[in-house]
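Let's take a walk through this protein model, one contact at a time. Keep the picture beside the text as you read.

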Amino acid sequence: MHRISLHYGLGAEAAPALVRNPLLDLLQAVNSEGSISAAARTLDLSYRHVWGELKRWEGELGQPLILWEKGQAARLSEFGAKLLLAERQVQARLLPQIEALRADLERAFAIAFDDSVHVLSFHASHDEGLAALGEEARAQGLHLDIRFTGSVDAIRALNEGRCTMAGFHVRVPAAPASLSQRTYKPLLRPGLHKLIGFARRSQGLIVARGNPLGLRGLGDLVRPHVRFVNRARGTGTRVLFDELLAELGLAPSAIGGYTADEPSHAAVAQAVASGQADAGFGIEASARSRGLDFVPLVEEAYFLACLKSTLEHDATRALLALLRTAAWQGRLAALPGYAPMQSGEVLSMSRVLPWWRFGGGPMSAGLSNKPMFELKISVKHQRGIWPLGR
């Protein structure tokens, strides 16, 4: 029985990741480089050290990790490959918890060591852009204490005083009488809450490289033998997915794997990358980061919600200023499937979301001077999301 221990670093140069293992770093380097000497150079270690560590671990684990054959590149043994795969799956599934733990530690030490650091607490739907914003903010003396949770839980946490900001996302345009309206309208109140523009992002099917099954829309998920992996209940992506299924008249029970869920976009992508699923529904950035293909189906707006009374807080002012900078917006635009969307602007909910207006118009009103969709997008993905004539 092998035990697992976790460590974290403290200091100005502390490593950015909390969960690391030297053995898995060695295996990853050998797997990528194809030789021990190249792996050693990548890790800035000596050949002798890498060789010795691999031999030590093989003795401790009682299994071969590396296979050498004369004239061929070094490669992982079956056990070594399974060990590396297991670590990747665990990292992907625990990403939201790891980020929350890191945020807790950084917040505690930021307060302890620097009274001038602003701290802003977030509960938010899992988002690659928001994670990048946290990194950008730290360099500006603003600490974002981000806890990734479902969109519904995030807004509830805001209303219960457990955070200052809530991150959630809705489709563009927001459909009246939709599941999104029934989910979010009871939780948000014009006049009490304010929305802050953050990002526009793509959601769609995360599939294996080359899309070997030729999946083009949600209707393809009901084909025999297609294995799907879902997001958990209470997440904004699950709300969006169920909403789209209802519009297409697709029964969740017809999709193999509908009840199998993962806690984050990263975990969904990892399930596809490892071959445990053929497709998942999520964001493009998570697919691309694992070398997977992506079938864009719908665009959505990701908002930050807060109480109107917090807009005058120093930490909130610092966040709004950061969101408006060209440096941040350029970094966000570099993420696959992302674009700034009135980043840092305070928006009126009754103008942005049509749910509080009789006969409300399209959600895009009041969002931007540029159309959120081009005609080619709606036509291209019409078969996968919207029925003809909509």
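Start with a charged pair: Arg-171 and Glu-247 join their side chains in a salt bridge of 2.5 Å, N to O. Arg-171 sits in strand 5 (residues 165-171) and Glu-247 in helix 8 (residues 236-248), so this pair ties together parts that are 76 residues apart in sequence. Arg-171 is buried, with a relative accessible area of 3%, while Glu-247 is partly exposed at 25%.

A few ground rules before we go on. This is a predicted model, where local features need pLDDT of at least 70 and side-chain atom pairs count only at pLDDT 80 or more, while totals for chains, interfaces and linings use all residues. Residues are numbered from 1 along each chain as its sequence is written, and side-chain values use heavy atoms, with hydrogens and water left out.

Now the terms used above. A salt bridge puts a side-chain nitrogen of Lys or Arg within 4 Å of a carboxyl oxygen of Asp or Glu. Buried means under 20% relative accessible area, exposed means over 50%, and partly exposed is in between (1.4 Å probe, protein chains only). Helices (H or I, at least four residues) and strands (E, at least two) are DSSP runs numbered from the N terminus.

How many salt bridges does the structure hold? The count is 17. Here are three of them, including the one we began with:

| Pair | Distance, N to O |
|---|---|
| Arg-171 and Glu-247 | 2.5 Å |
| Arg-162 and Glu-160 | 2.9 Å |
| Glu-299 and Arg-200 | 3.5 Å |

In the last pair, Glu-299 belongs to strand 10 (residues 293-307) and Arg-200 to strand 6 (residues 193-207), so parts that are 99 residues apart in sequence get tied together. Glu-299 counts as buried at 13% relative accessibility, and Arg-200 as partly exposed at 24%. Elsewhere, salt bridges link Glu-53, Arg-56 and Glu-60 in a network.

Next, have a look at Glu-136 in helix 5 (residues 128-138). Is this residue, Glu-136, buried or exposed? Its relative accessibility is 14%, so Glu-136 counts as buried. Its side chain makes a polar contact of 2.9 Å with the side chain of Arg-331. (A polar contact is a pair of N or O atoms within 3.5 Å; within protein, one must be able to donate a hydrogen and the other to accept it, and residues adjacent in sequence count only if both atoms are side-chain atoms.) Leaving aside residues up to four places away in sequence, Glu-136 touches Leu-322, Ala-327, Trp-328 and Arg-331, where contact means heavy atoms within 4.5 Å.

Strand 3 (residues 118-124) is mostly covered, with five of its seven residues buried. Strand 3 runs parallel to strand 4 (residues 142-148), and seven bridges join the two; strands pair if DSSP finds at least two bridges between them. Leu-120 has Leu-144 in strand 4 as its bridge partner.

Helix 2 (residues 36-43) has Ile-36, Ala-38, Ala-39 and Ala-40 buried, and their cover includes helix 1 (22-33) and helix 3. Just after helix 2, Asp-44 takes a positive phi of about 60°.
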